[in-house]
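This report walks through one structure, part by part. Have the sequence and the 3D view open while reading.

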Amino acid sequence: MQRIEDMGLAETFRLIEKLPEGVRRQQALAHALDELLEEEIEYRTGLRHQNAGWHQVSSVGGMGEGRGECTGLVDHVGKAAERYQQESQWRTMAAALLSRLTDRQRMAVLLAAYAIPPVQHCQSPRMMTQSQAVAAQVAILARLGWVPGAVKVEPFKSAKSMQCAASRGRESLLHMVLSQAEMAA
C-alpha cells in the first residue's frame, strides 16, 4: 500500500472518501491540509509574482511583419492559458479554505507551514525552527503577501503563541477539508 505522504491531493481525497473514521483517515486529512497549505505558500511566494501575460508591450514589437490581416492579432486563448497556467483547483480550494479563518489564524497557519525543519545536506530559506519563524515573522509574512501594518494583528510573541493560534486554525481547516472531501464524493 502506498504511503499517505507520497500521495498527491487527488489520490488523498479519494482515500479520504473510502476510509472509515479513524487514525488513518485523520492522517490523510492532515496530509491533504498540509499539501493545500504548501500549494498556497508556493503560489504566494513565487507563482503569483510571475504575472504571466501582463508584461510590457513594445511599440516596435511587430515591425517588419508585413500588413496581412492576421499579422499582429492577439491569440486571446493563448494569453489566457499563459496567464492562468499556475492556477489550479487545489490553489483555489486552499485560498477558499484560508479565507474562512481570522487574520491571526491565517497568519499563524501559513507561518507555521512556511517553516520547515532543517534537513541535512539541503538548503532552503524556509528551513528554520518555529522560533526562528516567529523572530522573522514580519519578513516572512511580507513574502506571503501581508504588507506590514496593513492588518491590525498583534505579532506573535513566541513560538508557543503562534503554534496555539495555528493549531486552532488547523483544527477548523481540518473540518472544512473533511466537508470538501465529502462534497466531492
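## Helix α5

In α5, the buried residues are Gln105, Arg106, Met107, Ala108, Val109, Leu110, Leu111 and Tyr114. Buried means under 20% relative accessible area, exposed means over 50%, and partly exposed lies in between (1.4 Å probe, protein chains only). Helices (H or I, at least four residues) are DSSP runs, numbered from the N terminus. The model is predicted: local features need pLDDT of at least 70, side-chain atom pairs count only at pLDDT 80 or more, and totals for chains, interfaces and linings use all residues. Residues are numbered from 1 along each chain as its sequence is written, and side-chain values use heavy atoms, with hydrogens and water left out.

The helix α5 has twelve residues. From its first C-alpha to its last, α5 reaches 16 Å, close to the 16 Å expected at 1.5 Å a residue. The expected span is 1.5 Å times one less than the number of residues in the helix.

Arg106 forms a salt bridge with Asp103, and their closest N and O atoms are 2.8 Å apart. A salt bridge is a side-chain nitrogen of Lys or Arg within 4 Å of a carboxyl oxygen of Asp or Glu. Side chains of opposite charge can pair when their charged atoms come close. Both Arg106 and Asp103 lie in helix α5, three residues apart, about one turn of the helix. Arg106 counts as buried because its relative accessible area is 14%, whereas Asp103, at 32% relative accessibility, counts as partly exposed.

## The network around Arg126

A search of the whole structure finds six salt bridges. Which residues are linked in a network of salt bridges? They are Glu38, Glu42 and Arg126.

Arg126 forms a salt bridge with Glu38, with the closest N and O atoms 2.7 Å apart. This pair links distant parts of the chain: Arg126 is in the loop between α5 and α6, Glu38 is in helix α2, and they are 88 residues apart. Arg126 also forms a salt bridge with Glu42, the closest N and O atoms being 3.5 Å apart. Arg126 counts as buried because its relative accessibility is 10%. Glu38, at 26%, counts as partly exposed, and so does Glu42, at 39%.

## Charges over rings

Arg91 lies in helix α4 and is buried, with a relative accessible area of 14%. Not counting residues up to four places away in sequence, Arg91 touches Glu39, Glu40 and Tyr43; contact means heavy atoms within 4.5 Å. The charged end of Arg91 sits over the ring of Tyr43, 3.9 Å from its centre. A charge sits over a ring if NZ of Lys or CZ of Arg is within 6 Å of the ring centre and within 35 degrees of the ring normal. The charged end of Arg44 sits over the ring of Trp146, 4.9 Å from its centre.

## The nonpolar core

The largest nonpolar core has 41 residues. Such a core is a set of buried Ala, Val, Leu, Ile, Met, Phe, Trp, Tyr and Cys residues joined through side-chain atoms within 4.5 Å. The residues with the most contacts inside this core are Phe13, Leu36, Leu144, Phe156, Leu173 and Val177. Helices that each supply at least two residues include α1 (9-18), α2 (23-50) and α5 (103-114). The most comes from α8, with nine residues.

Leaving aside neighbours within four places in sequence, Leu173 is in contact with Leu33, Leu97, Leu98, Leu101 and Val109.
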